[in-house]
Protein chains: 2
Amino acid sequence: MKDKTENLVFDTYTLKTLYKLSNDGYFDTLWSTVSSGKEGLVISGRNKEWVAIKIYFMNTSEFNTMRKYIIGDRRFENIKQSKRDIILNWCKKEYRNLLEMYDLGMTPKPIAQRNNVLIMEFIGNNGVPAPSIKDKPPENPKEWYDAIINFIKDLYRKKGLVHGDLNEFNILNNGKPVVIDVSQAVPLDHPLARTMLERDITNINNYFKKLGVKVESDVKWSKQ
Amino acid sequence: MKDKTENLVFDTYTLKTLYKLSNDGYFDTLWSTVSSGKEGLVISGRNKEWVAIKIYFMNTSEFNTMRKYIIGDRRFENIKQSKRDIILNWCKKEYRNLLEMYDLGMTPKPIAQRNNVLIMEFIGNNGVPAPSIKDKPPENPKEWYDAIINFIKDLYRKKGLVHGDLNEFNILNNGKPVVIDVSQAVPLDHPLARTMLERDITNINNYFKKLGVKVESDVKWSKQ
């Protein structure tokens, strides 16, 4: 066997959740790790089709960041303040955000959510995940820039939401742009919404400027 | 999140087995992958103490190799010939072998076995697995050679077993030698026992010869 070291950090509760989701038919097999971080990991799963299974660690150190974006989100006003409840509601928040964003056509399709596990459409081919635009920049940067700016505008105007973590790591290149990691997205009346919106636009502008795109003025746009 | 690709291949049955073992108190958390191969993987788990959790894939391609070593083992005479039953009995066989070997003091302590999952003592420190002697040769090769040859002899004479896959990859350097991967070990009356014993001695002699140890004659020893 080859030596490997990678944290999984599945506690009994997570194993039970995964078993139940699998038993309910959402996937046959937990296949391989797609990405991992301090807050959790994404694993590919197989069913008739591939799915992406995002698992939030119940003992994540990112709990304080989660708290910052969940407090003030009117959709989650009555949650308890324990670490456990914040993490479980964080996962629910990502699912809820995906459900609200899905008809804008730029995010993975949400499939199921249970406890600290979220199942969504797998973005990639035959179990191979699509790269981010950080690793594979788009061939038509101007078109992609317009698509992403339109996504930000539609999200803002039609859904009343701000993504808040848009950058070249969280946009996949699957032939067209796919925006992921939507857990921190908040409604416009969240106290951090304006700051988050401006940061998203700045990040996207900076990335596309480097690809030679003439970007819209940050300030003008964010005041609309 | 960082990009990673590693196969887990946990099917619903494996997830259920892991959940039940965890629920029964054998581990709190499935921690990180220690090693992986075509037949399965080893994951570290935490309880009060660290444990090693070996998971055999239910769809492994190594099934024909397993069959070769399980057929003719009188301890597993009445098993069905299906892939599924061979794999489940293979895991039971490793547990049985560990139980028989344990008092020779050279193998990890067996803790539990259920379906395709085996739990044993974790060899290493604070969740960091001990390296194999392939990666970290012993400082006193002659002492280690004697210890390993004595293990082979004791296993043969006191337990009536042959390991059959002894080499520098399957002996860990934990300050003292620890022999792992004992699943293929067979009783002396197995048709392949003599071949396996000779191969073990040849492998061990070749490895220690390179470290400058004057080894016992392969032929003389294996005829004893």
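Me: How far apart do the C-alpha centres of domain 1 of chain A and domain 2 of chain A lie?

Reply: They are 22 Å apart. The bounds come from an automatic or database domain assignment, and in chain A they give domain 1 (1-129) and domain 2 (130-223). Before we go on, note that this is a predicted model, where local features need pLDDT of at least 70 and side-chain atom pairs count only at pLDDT 80 or more, while totals for chains, interfaces and linings use all residues. Residues are numbered from 1 along each chain as its sequence is written, chains are lettered from A and ligands numbered from 1 in the order in which they are written, and side-chain values use heavy atoms, with hydrogens and water left out.

Me: How many residues of domain 1 of chain A are in contact with domain 2 of chain A?

Reply: Contact means heavy atoms within 4.5 Å. Here, 26 residues of domain 1 of chain A touch 30 residues of domain 2 of chain A.

Me: And what area do domain 1 of chain A and domain 2 of chain A bury between them?

Reply: Buried area is the accessible area (1.4 Å probe) that two parts lose on being put together, summed over both. For these two domains of chain A it is about 2300 Å², with 62% on carbon and sulfur atoms. On the domain 1 side, A:Y69, A:L104 and A:M106 supply 31% of the area buried against domain 2, more than any other three residues.

Me: How many salt bridges are counted between domain 1 of chain A and domain 2 of chain A?

Reply: A salt bridge is a side-chain nitrogen of Lys or Arg within 4 Å of a carboxyl oxygen of Asp or Glu. The count between these domains is 3. Elsewhere you can look up A:D181 and A:K54, whose side chains form a salt bridge at 2.8 Å, N to O.

Me: What area is buried between chain B and chain A?

Reply: About 3200 Å², of which carbon and sulfur atoms give 57%. Each side brings 37 residues to the contact, and the salt bridge count between the chains is 0.
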